[in-house]
Amino acid sequence: MSHDPACLASTMIPPLSAPLHGVATVPGDKSISHRAVLFAAMAEGTSHLAGVLDSDDVRSSMAAVRQLGAQVSLEKQPDGSLAGSVTGWGVAGPRKPEGAVDCGNSGTTARLLMGVLAPWDVPVEITGDESLSRRPMRRITAPLMKMGVRFLPEGRETLPLTVRGTHGLRALTYDAPMASAQLKTAVLLAGVYAKGTTTVNEPAPSRNHTELMLPEFGVSTTAANCTAGVTGPQGLAACEVHVPGDPSSAAFLVCAAVLKRDSAIQVENVSLNTARIGFTRTLERMGAEVSVQRTGAAGKEPFGTISVCYTANLHGCEVPAEKIASIVDEVPVLALVAAFARGVTVFREVGELRVKETDRLAAVVEGLAHLGVEAYIDGNDLYVEGQPGLAVPEGVTLDSKGDHRLAMTWALAGLTGNTPVCVENFDAVRISYPQFLEDIERLAR
Ligand code: S3P
């Protein structure tokens, strides 16, 4: 990669010099890492964490819980992960922080923290960067207010917000308007401390890391298709967590191998949680040769190997609404793959992408248009008209809009094509996958 003066605040991503071959691992799962840090901070005693993702987003969670009184001693390991201990505040509760808790770009930190703080009568102001300050918080504040939590200023729907929890939380049965693991987690975390059973029903199954990890911390949960619950009051007790590789990061290597002629790779030690690896099924439905093999479990989280190779004859497919939650972070890169497939690919009911780090629906349509690909939104459905043999135009600049998943999606257009692509604000990759370029370039040696 290089910084081109004609490509300000941007990174020139040249084509890979060879097909992708061999075995890769990816950094720890972002969702599981956030939860490991936050739950350990809530727990009584000292938890030991390994494989934690070292990225800006997870560091936002680490800084937040430190400010609230947890002792975080996570050190960089030779493999780039973080490992060490977190001593939680347990029954003593969090302390009132000096100043606001800045969650940076991390929606997961901000939204989960609202649930973490719900049982404590400690006012905490939560802030975020420009992108996070635009993202909707009402989806979290509405159910938590029903449980007795106050948010100030009243009626505000975005950060900054001050959370004022209560020792007298009321249990709640909540029919969530969207499939969101952040919403579900915030309500369940509050539910741990409320008297009675708190239940979240969802329109489609969102990722279930919280339901799987809370029992590791000694809190029993119930979970079935589209519903999860916890009966309180309970308390979290320190435990050990080993974080498997992030399937959402692996998706970029996997899609690169599908697009780059003559490639064949395996990504090992990746979380194979079914709520997360929907992208392998979508690629399969597009005709790609991809398979998953379970090799073990970290706590209740299955992990294993994803194997994939270059696919010459991709074809479009339809992804139904109920499957979107399992690919919610992969839609941009899958839309890029769809651009190279024969026929139309439709992603049904992807309206949630409008409220991610940026409006990912608009950004995908705009970026694909720069590549000469017709994509459009009809209602909440995204359509991509694929072009087999598509050649990326010379001198194209694609904008990440400061969004990590878009940065890597547009980088793939350069890496797997025949001409360099300029990606604006490529360094957004530090949010979830700082060593993305090194990892993919290593596979092409
Ligand atoms: C996440 C849930 C998803 C996902 C985000 C991480 C989580 O968001 O897009 O990257 O860790 O719970 P929603 O809860 O908004 O769907």
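Into which domains is the protein divided? There are two: domain 1 takes in residues 2–27 + 244–443, and domain 2 covers 30–242. Keep in mind as you look at it that this is a predicted model.

**Where the domains meet**

Let's start with the domain pair. The centres of domain 1 and domain 2, taken over C-alpha atoms, sit 28 Å apart. On the domain 1 side, 24 residues are in contact with domain 2, which puts in 25 residues of its own. Together the two domains bury about 2,200 Å² between them, and carbon and sulfur atoms give 50% of that area. Three residues of domain 1 lose the most area to domain 2, namely Lys300, Glu357 and Ile431; together they make up 25% of what the domain 1 side buries.

What about charges and polar atoms? Between domain 1 and domain 2 the count is 5 salt bridges. As for the make-up of the domain 1 side that touches domain 2, its residues split into 11 charged, 9 nonpolar and 4 polar.

**Around the ligand**

Now for the ligand. The residues around the ligand are Ser31, Arg35, Thr108, Arg111, Ala179, Ser180, Ala181, Gln182, Arg207, Val328, Asp329 and Lys356.

| Residue | Atom of the residue | Distance to a ligand oxygen atom |
|---|---|---|
| Arg35 | polar side-chain atom | 2.7 Å |
| Ala181 | backbone N or O atom | 3.1 Å |
| Gln182 | backbone N or O atom | 2.9 Å |

How much of the ligand does the protein bury? Taken alone, the ligand exposes 390 Å², and the protein buries 95% of that.

Conventions:
Residues numbered from 1 in each chain as written. Predicted model: local features only at pLDDT ≥ 70, side-chain atom pairs only at ≥ 80, totals over all residues. Heavy atoms only, no water. Domains from an automatic or database assignment. Contact = heavy atoms within 4.5 Å. Buried area = accessible area lost by both parts, 1.4 Å probe. Salt bridge = Lys/Arg side-chain N within 4 Å of Asp/Glu carboxyl O. Nonpolar A, V, L, I, M, F, W, Y, C, P; charged D, E, K, R; others polar. Near = heavy atom within 4 Å. Polar contact = N/O pair within 3.5 Å; in protein donor to acceptor, adjacent residues only side chain to side chain. Areas by Shrake-Rupley, 256 points an atom, 1.4 Å probe, with all protein chains shown as cover.
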